[in-house]
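The report below describes the fold of a single chain, going from strand pairing to overall dimensions. Please read it alongside the sequence and the coordinates.

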Amino acid sequence: MTTVLKLGGSVVTDKATPETVDEETLGAAVEAVADADPARLVVVHGGGSFGHHNAEKHAVSSTDGTDDAEAVFEIHDAMRRLNDAIVARLLAAGVPALPVHPLSVAVRDAEADFSLPLDSTATMLDEGFVPVLHGDVVAHAGSGATIVSGDELVTSLARGLDADRVGLCSTVPGVLDENDEVIPEITSFEDVASVLGGSDTTDVTGGMAAKVRELLELGAPAHVFGPGALADFLAGDDAGTVIRG
Ligand code: IP8
C-alpha cells in the first residue's frame, strides 16, 4: 500500500507572516503521521509563507521562467529551509523522513510537461524511509527555470509510484458545496462543475476546480480534508471529500 500525502502550505506555515512555520499545526500533523506509522508513505508539502514571495519578487511562476541562477537559488533555498524544518520535526517524532529536492532531479520539457524521475524516491520507500518532497523551482527547457507546485508533484508521484491512496490536507475540510457543506464523494466533474465553477483557466496555481479535475484522472482515490481528519485518512478511513474517477 503506497500513500501520497500532501500537507498544504497553509497547514504547515503561518501564511500571514513571511517564512514562519506553524509549529502547532505542523506538530499535530507530525504526531498523526508518527502515530499512524504507515508503510510506504510519501509526503509532499507546499510553500505557504515560504517560497511564494521569492517567486513573486522574481516574477517566476509555473509558466514564466527565469534564467537568473541567483533568483532560482533564492526560491529553492526558501523551500529547502521549510523542508528542513518539516523533515527535522518528523525525525524528532521517530518518522524515518528524508528530503527529496525536485530542483535536483525534475524537469519541464519544451512543451512544459513535467517529469520527476522516481528511482530515488521508490528506493527510499523500499528501504522503509519516508521521502519528503516540496514545491520547488525546476529546470524548464527553453524557459530557464519555473515553479512546480506541490499538487503537480502529488500527481506525478501518485502515477509514477502507482499509489493506492492520495491525501490532500489543507485548511478546508473538503470540497465544499454552495452551502459550504463538505461533498462526501465526487465521481465526475459534471456533478460538481456548477458548484466549483466550470472554468479554472485564470487560476494558474490550481483552484479547487482544477484540482478536482486532475484528481478524477488519477486512478487512485484522492481524499481532500482538513488537519483534523489527517489521523482518519492515515488509518485508512475516508476523510473529507473522496474523489474517485
Ligand atoms: O505551495 C510552491 O508550492 P505550492 C513552490 O504547492 C514554490 O504551490 C513557490 C517554490
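Cys169 has Phe225 as its bridge partner in strand E11, and this pair belongs to a parallel pairing of E9 with E11 that extends over four bridges. Strands pair, in the sense used here, if DSSP finds at least two bridges between them, while the elements themselves are DSSP runs numbered from the N terminus, with helices (H or I) of at least four residues and strands (E) of at least two. The model is a predicted one, in which local features need pLDDT of at least 70 and side-chain atom pairs count only at pLDDT 80 or more, whereas totals for chains, interfaces and linings use all residues. Residues are numbered from 1 along each chain as its sequence is written, and side-chain values use heavy atoms, with hydrogens and water left out.

How many of the residues of E9 are buried? Five of its five residues are buried, and the strand is thus described as mostly covered, where buried means under 20% relative accessible area, exposed means over 50%, and partly exposed lies in between (1.4 Å probe, protein chains only). The cover applies to both faces, with Arg165, Gly167 and Cys169 buried on one side and Val166 and Leu168 buried on the other.

Strand E6 (residues 130-134) is likewise mostly covered, with five of its five residues buried. Val130, Val132 and His134 lie on one side and Pro131 and Leu133 on the other, and both faces are covered. Val132 is the bridge partner in E6 of Val43 and also of Pro99.

| Strands | Sense | Bridges |
|---|---|---|
| E9 and E11 | parallel | four |
| E2 (residues 41-45) and E6 | parallel | three |
| E3 and E6 | parallel | four |

**The four-stranded sheet**

Another open sheet holds four strands in the order E5-E4-E7-E8, again with mixed pairing. Strand E5 (114-115) and strand E8 (144-148) take its edges, each with a single partner strand, so one side of each is left without a neighbour in the sheet. Strand E4 (residues 107-108) and strand E7 (residues 136-140) pair in the parallel sense over two bridges, with Val107 standing opposite Ala139 in E7.

**Helix H9 and its cover**

Helix H9 (residues 208-216) has Ala209, Ala210, Val212, Leu215 and Leu216 as its buried residues. Their cover includes strand E9 (165-169), strand E10 (185-186), helix H8 (189-196), strand E11 (222-225) and strand E12 (241-243). An α-helix has 3.6 residues a turn, so residues three or four places apart point the same way.

**Loop residues with positive phi**

Ala59, in the loop between helix H3 (52-57) and helix H4 (69-92), has a phi near 55°, a positive value in a residue other than glycine. Asp162, in the loop between helix H7 (150-160) and E9, has a positive phi of about 55° although it is not a glycine. Are these residues buried or exposed? Ala59 is exposed, with a relative accessible area of 54%, and Asp162 is exposed as well, at 63%.

**The chain as a whole**

The secondary structure comes to ten helices and twelve strands. The C-alpha atoms fill a box of roughly 45 × 45 × 35 Å along the principal axes, and 48% of the 245 residues count as buried. Among contacts (heavy atoms within 4.5 Å) between residues at least 6 apart in sequence, 72% join residues at least 24 apart.
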